[in-house]
Amino acid sequence: MAQALAVETHGLTKRYSTGVLAVDDLDLRVRTGEVYGFLGPNGAGKTTTLRLLSGLIHPTSGSAIVAGAVPGSPASLARLGAMVETPAFYPYLSGRDNLRVVARYAGVPKSRIDPVLKLVDLTDRAKHKFKTYSTGMKQRLGVAAALLKGPDLLILDEPTSGLDPQGTIEMRALIKELKQGGRTVLLSSHLLNEVELTCDRVGVIAKGKLVAEGTVDELRARSGGRTLRIHATPLEQAQRLLESFLNPDQVRVIDGSLVLNVDPAQAASINRRLVADGVDVSELRVDEQSLENVFLQLTEAPTQPTPASGGGDRSGKVEGNK
Ligand SMILES: Nc1ncnc2c1ncn2[C@@H]1O[C@H](COP(=O)(O)OP(=O)(O)O)[C@@H](O)[C@H]1O
Ligand SMILES: [Mg+2]
């Protein structure tokens, strides 16, 4: 790997002149060739971060390297395609003519226009006026404009926001295709499901801070992962027994069931011990921690520490500063 990281930030921080700390000491690493999902609720600081990385605004402190160079520098911009601000297209020009304008402005040969239109699946509508496009088509034309330079890295701010189900599916397919073409894609979303479906790795941002980073499976695992749910009677007796050989904070009672934070491989032996003690076990199943819960836990819990996952990394705590 000549250059393993497409984006790297160190302590990236942005405080707007209003005093709002939108991005707080962010260390982000996007690997070359991956689709990286930047996930966080509204107001978390996603757009601000992507504007920083695109060189549209300057950080208050900290630094970043984007496509091998400082954000906003000619070297970085030459290799970066970004759709961060809503692209301003001329409503009465066709899609193709809008791209001609962008190409001329960016000093890109006109020969790039047709391949890019094809990639975003707008060839058939290229001669129609922009104002007749659906939201999904407008969005894809925005991606086309970002692709004109043939960038190695594409930054897309909420590329599926506002799209209907069909438009969303088409945008996802496009993102997959871009990755297959060898590009790195950094996209933001406030929708968990979206990044789960399209991204190799995810960075979760809340209140300007990166609270977790990893694959979707790693995120799931770090917040408890899978649990064992047991319906047993009498409940108190079962609970006492379990607490006698498990760590007490591995045993919880939720909705009348015992929820154990243990390796599911222990299910059979736990069942044997309960039955041997005279407890009736009417149900025993492995629950996947839903990613939704993980996300909520990471982004909303005001002061709750992230459960220890063996690594002493930066996600030790979710700061509550609101
Ligand atoms: N130009 C700006 N001036 C002042 N505050 C801003 C500006 N843009 C965004 N903010 C604030 O910064 C925080 C992060 O916003 P933003 O980066 O847009 O989050 P996201 O894209 O995750 O929804 C919010 O509190 C928002 O109100
Ligand atoms: Mg935003």
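Reader: How many residues does helix 3 have, and what should they span at 1.5 Å a residue?

Author: Helix 3 covers residues 95–106, twelve residues in this predicted model. At 1.5 Å a residue they should span 16 Å. The end C-alpha atoms of helix 3 are 16 Å apart, which agrees.

Reader: Which residues of helix 3 are buried?

Author: Gly95, Arg96, Asn98, Leu99 and Val102 are the buried residues of helix 3. Look down the helix axis: the buried residues fall within an arc of 155°, so they line one face of helix 3. On the other side, Arg104 and Tyr105 are exposed.

Reader: What covers the buried residues of helix 3?

Author: The cover includes helix 4, residues 113–119, and helix 5, residues 135–147. Take one residue from each of these helices.

Reader: Start with helix 4. What touches leucine 117?

Author: Leucine 117 sits in helix 4. It counts as buried because it has 21 C-beta neighbours inside 10 Å, and the cut-off for buried is 20 or more. Set aside neighbours within four places in sequence, and leucine 117 is in contact with Arg96, Leu122, Thr123, Ala126 and Ala144. Arg96 is one of the buried residues of helix 3. Leucine 117 and leucine 148 are 31 residues apart in sequence, with 9.4 Å between their C-alpha atoms.

Reader: And helix 5: is leucine 141 buried or exposed?

Author: Leucine 141 belongs to helix 5. With 26 C-beta neighbours inside 10 Å, leucine 141 counts as buried. Beyond four places in sequence, it touches Phe89, Gly95, Asn98, Val120, Leu122 and Tyr133. Gly95 and Asn98 are among the buried residues of helix 3. For a distance across the chain, take alanine 64: leucine 141 is 77 residues from it in sequence and 28 Å from it in space, C-alpha to C-alpha.

Reader: What happens just after helix 3?

Author: Glycine 107 takes a positive phi of about 70° there.

Reader: Where do alanine 67 and lysine 207 lie?

Author: Alanine 67 is in the loop between strand 5 (61–66) and helix 2 (74–78). Lysine 207 is in the loop between strand 9 (201–206) and strand 10 (209–214). Alanine 67 counts as buried, with 24 C-beta neighbours inside 10 Å. Lysine 207 is buried, with 21 other C-beta atoms within 10 Å.

Reader: What about omega?

Author: Most peptide bonds are trans. Threonine 233 and proline 234 are joined by a cis peptide bond, with omega about -5°. Proline 234 lies in the loop between strand 11 (226–233) and helix 9 (235–245).

Reader: Now the whole chain. How is the protein chain divided?

Author: Domain 1 takes residues 5–79 + 151–220, and domain 2 takes 227–288. Their C-alpha centres lie 41 Å apart. The C-alpha trace of the chain spans about 80 × 45 × 40 Å along its principal axes.

Reader: Is serine 282 buried or exposed?

Author: Serine 282 is exposed, with 8 other C-beta atoms within 10 Å. It lies in strand 14, residues 280–288. Serine 282 and isoleucine 230 are 52 residues apart along the chain, and their C-alpha atoms are separated by 7.8 Å.

Reader: Which totals describe the fold?

Author: The protein chain has eleven helices and 14 strands. Buried residues make up 38% of its 322 residues. Then look at contacts between residues at least 6 apart in sequence: 69% of them join residues at least 24 apart.

Definitions and conventions:
Residues are numbered from 1 along each chain as its sequence is written. Chains are lettered from A and ligands numbered from 1 in the order in which they are written. This is a predicted model: local features need pLDDT of at least 70, side-chain atom pairs count only at pLDDT 80 or more; totals for chains, interfaces and linings use all residues. Domain bounds come from an automatic or database domain assignment. Helices (H or I, at least four residues) and strands (E, at least two) are DSSP runs, numbered from the N terminus. The expected span of a helix is 1.5 Å times one less than its number of residues. A residue is buried if 20 or more other C-beta atoms lie within 10 Å of its own, exposed if 12 or fewer, and partly exposed in between; C-beta atoms are placed from the backbone. The arc is that of the directions from the helix axis to the C-beta atoms. Two residues are in contact if their C-beta atoms, placed from the backbone, lie within 7 Å.
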